[in-house]
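Colleague: I am new to reading protein models. Could you walk me through one, feature by feature?

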Amino acid sequence: MIFDYIIMCGGEGIRLKPFTYIIPKPFLTMNNISSFDYILKNINLNKTNQIIVTLKYKYNFSKKIVINKKIKKIKIFHEKDTSGTAGCIGEIIKKKITNNFFVINGDIFAKLNYSEMMEYHAKGKYDITVGVTNFQIKLPYAVLKKKKNNNTFIEKPEFKKKINTGIYAISKKYALKYFKRYNKEKINMTDLLDKSDKIGIYDIGNKWVDIGHIEDFKKANVRIKKW
């Protein structure tokens, strides 16, 4: 199965300043590799039609980095306006794009088989398939659990949740329908998800790091070495 990728690299990376004053977040390096490079590393170019990279913040700087990769299948889309986390998709799909395509946040490290996720998406005939992973939260305090007869404290409980990894397989048919109906100034991925009743959930495993915060940025360097 041949399909397209859209890698979203246009954000300002406000939460990672001062690092992003000079270099946009997807191109910051951890363990000698950026999240953008790591995404490319895990894409099978033989099963790829095109890779569309969206750029806005520090456009000229980012454009040079992308061009220097010298990958013929890469195309650059210039986001001229701030249109939300998914607004530019409406413009991209007006051009030639595969019936099912990926949208990937450019600021994540993730090791997975994209072909397997796309097969799951296509087989299920989903509008959108969301890549998820387990996220564990350990509270540093005992938590009161109220009961009818007596109240008890649970010592430092741990909670596990499935969280959105910023990796989506999307049906072009659904995306075209959505953007034809909804023409808002800003559109986020959550908007597309809210209007669909055919959403697939795909567990990508635990090899995933988001570098949205400085602490995550520091942890990424350690974690990806183990992959």
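Colleague: Which residue just after α4 takes a positive phi?

Modeller: Lys125 does, with a phi of about 55°. Keep in mind that this model is predicted.

Colleague: Now the helix itself. Which residues of α4 are buried?

Modeller: Start with the general idea. An α-helix has 3.6 residues a turn, so residues three or four places apart point the same way. Now this case. Helix α4 covers residues 114–124, and Tyr114, Ser115, Met117, Met118 and His121 are buried in it. They lie on the same side of α4, because their arc around the axis is only 160°.

Colleague: What reaches the backbone nitrogen of Ser115 at the start of α4?

Modeller: A side-chain oxygen of Asn113 does, coming within 3.0 Å.

Colleague: On to the sheet. What is the order of its strands?

Modeller: Again, the idea first. Strands of a sheet pair through backbone hydrogen bonds, either parallel or antiparallel. Here the pairing is mixed, in an open sheet of seven strands ordered β5-β4-β1-β6-β11-β8-β12. At the edges stand β5 (74–78) and β12 (199–203). Each has a single partner strand, so one side of each lacks a neighbour in the sheet. From one strand to the next, the twist averages 30°.

Colleague: In which sense do β8 and β11 pair?

Modeller: Antiparallel, over 10 bridges between β8 (residues 128–138) and β11 (residues 158–171). Look at Thr133: opposite stands Ile163 in β11.

Colleague: Which strands does helix α5 touch?

Modeller: Helix α5 (residues 172–181) packs on the sheet and touches β6, β8 and β11. The direction of α5 makes about 85° with that of β11. Helix α2 (residues 59–67) lies across β4 and β5, at about 175° to β5.

Definitions and conventions: Residues are numbered from 1 along each chain as its sequence is written. This is a predicted model: local features need pLDDT of at least 70, side-chain atom pairs count only at pLDDT 80 or more; totals for chains, interfaces and linings use all residues. Side-chain values use heavy atoms; hydrogens and water are left out. Buried means under 20% relative accessible area, exposed over 50%, partly exposed in between (1.4 Å probe, protein chains only). Helices (H or I, at least four residues) and strands (E, at least two) are DSSP runs, numbered from the N terminus. The arc is that of the directions from the helix axis to the C-beta atoms. A polar contact is a pair of N or O atoms within 3.5 Å; within protein, one must be able to donate a hydrogen and the other to accept it, and residues adjacent in sequence count only if both atoms are side-chain atoms. Two strands pair if DSSP finds at least two bridges between them. Axes are lines fitted to C-alpha atoms, for helices over the stretch in contact, and angles run from 0 to 180 degrees between N-to-C directions. Contact means heavy atoms within 4.5 Å.
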